[in-house]
Amino acid sequence: MTSRLPTMLRDAAFTVLVAAALGIFVVGFRTLDVGSRTGLSFDYEFVDLGVALIVIFFGRLGLSLAASGLRWPAIALGGVMIALGASPLRLPSGFLHWFVVLGGVLLVIRATWPWANRVLASAARTATGRLLDRIGNQWLGWLLLGLAIILPFTPLADQKTMDLSVLILTYVMLGWGLNIVVGLAGLLDLGYVAFYAVGAYSYALLSTQQGLGFWAVLPLAGALAASFGILLGFPVLRLRGDYLAIVTLGFGEIIRLVILNWFDLTNGPAGIGSIPGPTLFGAVFAETAPAGKQTVSELLGIPFNGIHRLIFLYYIILLLALITNLFTQRMRRLPVGRAWEALREDETACKALGINPTNTKLTAFAVGAMFAGFAGSFFAAKQRFISPESFTFIESAIILAIVVLGGMGSQIGVVLAAVLLIGLPEWFRELGNYRMLAFGLAMVLIMVFRPRGLIAHREPSVRLHPVASGGSG
Amino acid sequence: MSALQAAPLIEIEHLTMRFGGLLAIDDVSFIGRPREITAIIGPNGAGKTTVFNCITGFYKPTVGRLLLRGEREYLLERMLGHEIGQRARVARTFQNIRLFPAMTVLENLLVAQHNKLMLASGYSVFGLFGLRRYRLAENAAIELARAWLERIGLLADADRPAGELPYGAQRRLEIARAMCTEPRLLCLDEPAAGLNPRESAELNQLLVSIRDRDGIGVLLIEHDMSVVMNISNHVVVLDYGRKIAEGAPAAIQRDPAVIRAYLGTDDEAIDG
């Protein structure tokens with residue numbers, strides 16, 4: 001041990017050197033606007049940098065210790081870091097407290113990881129472990145669904161939670177829709193938000209200009225988005241992998257730019273406002289109904305409360321998302337769904353088996369786009385105002401990240417990833433400027449520990465032999 | 001050869017394939033009959049796989065006619081890749097196995113029955129609502145798959161991902177998958193490559209049973225002469241894209257042109 005210590009110290013010192021070189025301009029200096037006369041000046045934050053470098057030194061040392069099997073010193077080091085970070089000791093900035101604690105936690109995780117892995121692996125082999133595994137595989141979905149249904153009736157259901165839940169469910173639905181294209185058919189689509197935009201603008205225009213209601217437009221928006229899916233599908237039929245990704249990325253941008261510039265139709269960057277919300281049997285969610293209409297509180301005979309509208313929206317998106325899920329599950333068991341998966345696995349073999357790759361790809365694009373269209377209509381009805389800014393590339397990237405993080409093709413994985421990806425940045429809001437950093441760190445951690453996504457297990461669409469039941473299998 | 005030979009199943013006439021300046025196949029003609037195994041042999045680079053790629057629509061021949069007789073006559077050179085599998089019912093396997101590795105063995109065999117099931121599911125509409133007609137068709141498809149899994153000895157592995165199977169089993173599965181498309185003509189590209197002698201003998205049995213029990217025509221590219229000489233009815237030899245010999249296996253073994261193609265000219269044989 002003692003013989004390796006100098007090497008470790010040298011390694012840690014070198015890491016600090018690299019971190020210092022990288023950090024001195026990013027963390028060490030801060031430009032300040034000090035008025036018109038002098039323009040910009042510098043603020044020096046070398047104390048912050050110094051503290052961070054000390055943490056990095058001990059963190060790196062701890063990692064080396066853990067890597068060479070010295071678990072206890074590493075855990076002790078991590079413990080000290082956690083204690084320091086959590087202590088009332090005044091560090092120059094609040095973020096440094098987080099930084100120190102996070103470093104300590106990661107170090108402890110790293111040190112206990114091999115041991116935890118062993119324990120988990122052996123626990124999974126016991127009867128209880130296998131039972132838990134089965135519960136995880138078979139009942140997790142039902143459990144989540146049950147929670148989702150009762151959520152509005154729990155004390156948790158305040159304005160903020162419901163808003164966030166609606167947002168998460170929208171992304172769950174989009175993730176499930178994109179999962180058809182990316183997860184099942186294996187067509188890397190970076191322009192998925194285009195269909196979301198088509199759905200949103202379909203509803204916004206048809207409702208504000210033609211006076212159509214949400215429920216009437218919903219199927220129309222789906223059909224319109226699906227036809228745009230086919231429109232995109234045709235030119236990209238021959239492309240695979242990266243090339244396909246680039247063209248779909250371009251398609252997404254084209255749709256956004258058309259919306260931005262076709263001023264007569266879409267009102268350009270100013271967007272479309274006062275979009276009516278969805279109605280319940282013709283009744284509107286508002287304190288006072290417009291002429292000839294009824295409010296929901298009048299219909300149901302309950303006092304008006306702003307949250308009713310949110311709860312209603314919540315159940316709509318829950319229903320839409322469930323329809324997406326059921327449809328996908330069903331499709332997977334049909335010949336077309338199997339052909340999608342076969343196409344992802346090997347297009348040449350598909351052709352040799354007499355499967356028409358054109359039709360198969362186009363159906364995947366159309367079905368995926370249709371669900372984005374539904375979600376888009378819902379988005380417009382919920383926001384009541386849409387503009388091209390809501391449909392930028394970053395949206396496509398987030399939806400794709402949900403699918404990839406969830407584990408390509410896994411339905412439950414998409415739910416977990418959506419909760420993480422949409423929920424985490426909201427919960428991290430207290431971190432201020434550093435929340436995207438924490439978010440990035442969380443993503444890196446997931447990719448390190450679950451490189452094939454949160455749920456990488458693929459359930460066969462059909463079985464010849466029923467699964468062995470009980471703990472004997 | 002007997003006088004009771006059936007009418008040709010596939011007639012390949014003056015097939016020529018040119019890639020830029022390279023003449024990969026030069027005016028090759030031969031026929032394949034139903035209930036017969038026609039082997040195509042030749043040294044590496046002789047153009048055997050190119051012939052297969054022309055027959056199965058992966059390449060468009062530069063010159064030539066590829067006529068397949070079913071309930072009507074199909075001109076394969078005019079058909080799209082997937083139509084050859086769907087309508088003309090020509091199935092093939094690949095030199096480097098092309099299964100759907102993440103899908104289970106059973107799913108691989110069901111994908112092969114795609115077109116039949118697609119019709120039965122009313123292009124997914126009936127299937128989506130779980131109508132009886134589709135359920136019956138799917139059960140029938142599973143039964144066909146089960147029968148083939150029994151024949152190739154993979155029944156117990158039906159629910160495993162195809163990519164996890166050992167190499168020899170993957171070879172057999174690829175043949176079963178091609179057979180699940182219920183073809184008239186089966187094209188096998190080096191099915192014995194990488195098999196040990198025992199697996200190779202099993203493969204011989206499987207191919208003979210496909211010929212005799214299923215009564216379809218088989219085109220076979222193979223380097224393993226124990227397979228070629230034991231089971232094929234007719235052998236076509238290619239060298240540098242030209243057909244240099246054709247006939248019964250025993251006659252081919254003695255053909256001087258074939259020996260020259262495989263072992264070099266007499267001079268080189270003496271020098272080497």
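The model is predicted. Chain A carries 18 helices and four strands. In chain B, six strands form an open sheet with mixed pairing.

**Chain A**
- Of the 473 residues in chain A, 37% are buried.
- Along the principal axes, the C-alpha atoms of chain A fill a box of roughly 80 × 75 × 50 Å.
- Among contacts in chain A with a separation of 6 or more, 72% join residues 24 or more positions apart.

**Contact between chains A and B**
- Chain A gives 26 residues to the contact, and chain B gives 30 residues.
- On the chain A side, α13 (335-345) and α14 (347-352) are the elements that give two or more residues.
- Helix α13(A) supplies the largest share of that side, seven residues.
- The chain A side divides into 13 nonpolar, five polar and eight charged residues.

**Sheet in chain B**
- The strand order is β6-β7-β8-β3-β9-β10 (chain B).
- Strands β6 (90-92) and β10 (242-247) of chain B are the edges, each pairing on one side only.
- From one strand to the next, the twist averages 20°.
- Strands β7 (residues 185-189) and β8 (residues 217-221) of chain B run parallel, joined by five bridges.
- Within β8(B), B:Ile221 stands opposite B:Asp189.

**Helices on the chain B sheet**
- Helix α8 (residues 197-213) of chain B lies across β3 (37-41), β7 and β8 of chain B. Helix α8 of chain B runs at about 150° to β8(B).
- Helix α11 (residues 256-263) of chain B packs on the sheet and touches β9 (234-239) and β10 of chain B. The direction of α11 of chain B makes about 130° with that of β10(B).

How values were computed
Residues are numbered from 1 along each chain as its sequence is written. Chains are lettered from A and ligands numbered from 1 in the order in which they are written. This is a predicted model: local features need pLDDT of at least 70, side-chain atom pairs count only at pLDDT 80 or more; totals for chains, interfaces and linings use all residues. Two residues are in contact if their C-beta atoms, placed from the backbone, lie within 7 Å. Ala, Val, Leu, Ile, Met, Phe, Trp, Tyr, Cys and Pro count as nonpolar, Asp, Glu, Lys and Arg as charged, and the others, Gly among them, as polar. A residue is buried if 20 or more other C-beta atoms lie within 10 Å of its own, exposed if 12 or fewer, and partly exposed in between; C-beta atoms are placed from the backbone. Two strands pair if DSSP finds at least two bridges between them. Axes are lines fitted to C-alpha atoms, for helices over the stretch in contact, and angles run from 0 to 180 degrees between N-to-C directions.
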